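Me: I have a structure here that is new to me. Can you walk me through it?
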Amino acid sequence: MENRTNFFHLHLISDSTGETLISAGRAASAQFKSAQPIEHVYPLVRNRKQLLQVLQSIDSQPGIVLYTIVDRELATLIDQRCSEMSVASVNVLEPVMNAFQIYLGAPSRRRVGAQHVMNAGYFARIEALNFTMDHDDGQMPDDYNDADVVIIGISRTSKTPTSIYLANRGIKTANIPVVYGVPLPESLFLATKPLIVCLIATTDRISQVRENRVLGATPGFDRGQYTDRAAISEELKYARSLCARHNWPLIDVTRRSIEETAAAIVALRPKLR
C-alpha cells in the first residue's frame, strides 16, 4: 500500500520573534509521520488590527493555531475567533506561566519579548558566535585556550553546525579538522581550559554525506579518495587513536541531530572539570 503524506496548515502567532512557537510546532509535528505541516508564521503581532488580519488568513486556510501572546485581550480574541471557526488553538506559554505563578506565588510581568532582553547573557552569546566563526575549520589556532569547547573530527562529522549551535548558547567553540597523517596544532595540546571532544560517525554515513556534497574545482582534489570507504575507515581509525592517546571523549553523531550532539557535549563539560 502506498504511504501518502497528508498536509495541514499550522498557524504560529507571536508577539515576539516566533522562535519559541516554531520549535514547539516542529517538535509536536515530528511525532506524526503521516502529516506534514505547512507553516504560517506571524511574528510581532501586538495590536488588534494586526491580529484581525492574521485571523482572516486562518479563516481562509484553517488548521492548528499555536500562539504566544501575553496580552490577555488579544489572547482572548484568538480563542474566541478560533472557536467560532472550529479551529484548535493553544496558548503555548500559558500552562507554563501558570505553573511558575503557582510555585513562585507571584504573577508574571507579561512583558513582550522578555526573553530577548540585551543583557549580559545576550552579549555573551554574541561574543561566543564571533569567537566560533573566527575559529572555524582550524583558523586562529593560537587562541584555543580561550575556547570553552574545541571540537575535532574528520570531514563531514557536523563540526561547524554543532559549534554554531553551542555558540548560540554562549559557549565559545573552536573546531579543527582531523586529516589522516597530519598532526594537530601544537597549541591544542597546550590548551588547559577547553573541553576537547571528537565527533565520529559510521563509515557508510560519512561516505554518503561526502558523496552528496557539492565540491568546487579544488586543484588536486581526489573525489574517489574522499568518498572511498576504506580511506574513511583509516581516517576514523586515526581520529580514534588520537582520542585514545590524549583521553579525549568521542561522540558518535551517526544517529544524532545537531541539537542532540550539542546536548551531549554540554553534559560532558561538568563531568570533566
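Me: By class, which residues make up the lining of the largest cavity?

Reply: By class, that lining has four nonpolar, two polar and one charged residues. Here Ala, Val, Leu, Ile, Met, Phe, Trp, Tyr, Cys and Pro count as nonpolar, Asp, Glu, Lys and Arg as charged, and the others, Gly among them, as polar. Before going on: this is a predicted model, in which local features need pLDDT of at least 70 and side-chain atom pairs count only at pLDDT 80 or more, while totals for chains, interfaces and linings use all residues. Residues are numbered from 1 along each chain as its sequence is written, and side-chain values use heavy atoms, with hydrogens and water left out.

Me: Which residues line the largest cavity?

Reply: T68, I69, V70, N91, L93, E94 and M97. A cavity is a set of points, on a 1 Å grid over the protein atoms alone, where a 1.4 Å probe fits but cannot get out, and lining residues have an atom within 4 Å of a point.

Me: How much space lies in the largest cavity?

Reply: About 40 Å³. A search of the whole structure finds one cavity of 30 Å³ or more. Grid points are joined across faces, edges and corners, and a volume is the space filled by probe spheres set on the points.

Me: Now the sheets. What is the strand order in the one with β1?

Reply: The order is β2-β1-β3-β4, an open sheet of four strands with parallel pairing. The edges are β2 (35–42) and β4 (88–91), each with a single partner strand, so one side of each has no neighbour in the sheet. Strands are DSSP runs of E, at least two residues, and helices are runs of H or I, at least four, numbered from the N terminus. Two strands pair if DSSP finds at least two bridges between them.

Me: How many bridges join β3 to β4?

Reply: Four, with β3 covering residues 64–68 and running parallel to β4.

Me: Which strands does helix α1 lie across?

Reply: Helix α1 (residues 19–29) lies across β1 (6–14), β2 and β3, and runs at about 155° to β1. Axes are lines fitted to C-alpha atoms, for helices over the stretch in contact, and angles run from 0 to 180 degrees between N-to-C directions. Contact means heavy atoms within 4.5 Å.

Me: And what is the order in the sheet with β7?

Reply: It is β6-β5-β7-β8, an open sheet of four strands with parallel pairing. The edge strands, β6 (173–177) and β8 (250–252), each pair on one side only. Neighbouring strands of this sheet are turned by 25° against each other on average, direction ignored.

Me: How many bridges does β7 have with β5, and how many with β8?

Reply: Five bridges join β5 to β7, and three join β7 (residues 195–200) to β8. On the β8 side, C198 has L250 as its bridge partner, and I200 stands opposite D252.

Me: Is β7 buried or exposed?

Reply: Six of the six residues of β7 are buried, so the strand is largely enclosed by the rest of the structure. Buried means under 20% relative accessible area, exposed over 50%, and partly exposed in between (1.4 Å probe, protein chains only). L195, V197 and L199 are on one side of β7, with I196, C198 and I200 on the other.

Me: Why two sets like that?

Reply: In a regular strand the side chains alternate between the two faces of the sheet.

Me: Which helix lies across β7?

Reply: Helix α10 (residues 229–246) lies across β5 (149–153), β7 and β8, at about 155° to β7.

Me: Switching to S163. Buried or exposed?

Reply: S163 is buried, with a relative accessible area of 0%. S163 lies in helix α6 (residues 159–167). Beyond its neighbours within four places in sequence, S163 is in contact with T132, I151, T173, A174 and N175.

Me: How far apart are the C-alpha atoms of M133 and S163?

Reply: They are separated by 8.7 Å, and the two residues are 30 residues apart along the chain. M133 is in helix α5 and is partly exposed, with a relative accessible area of 46%. Not counting residues up to four places away in sequence, M133 touches Q139 and I164.

How values were computed. 1 Å grid on protein atoms, 1.4 Å probe; cavity = no way out; pocket = protein on both sides within 12 Å on 5 of 7 lines; lining within 4 Å.
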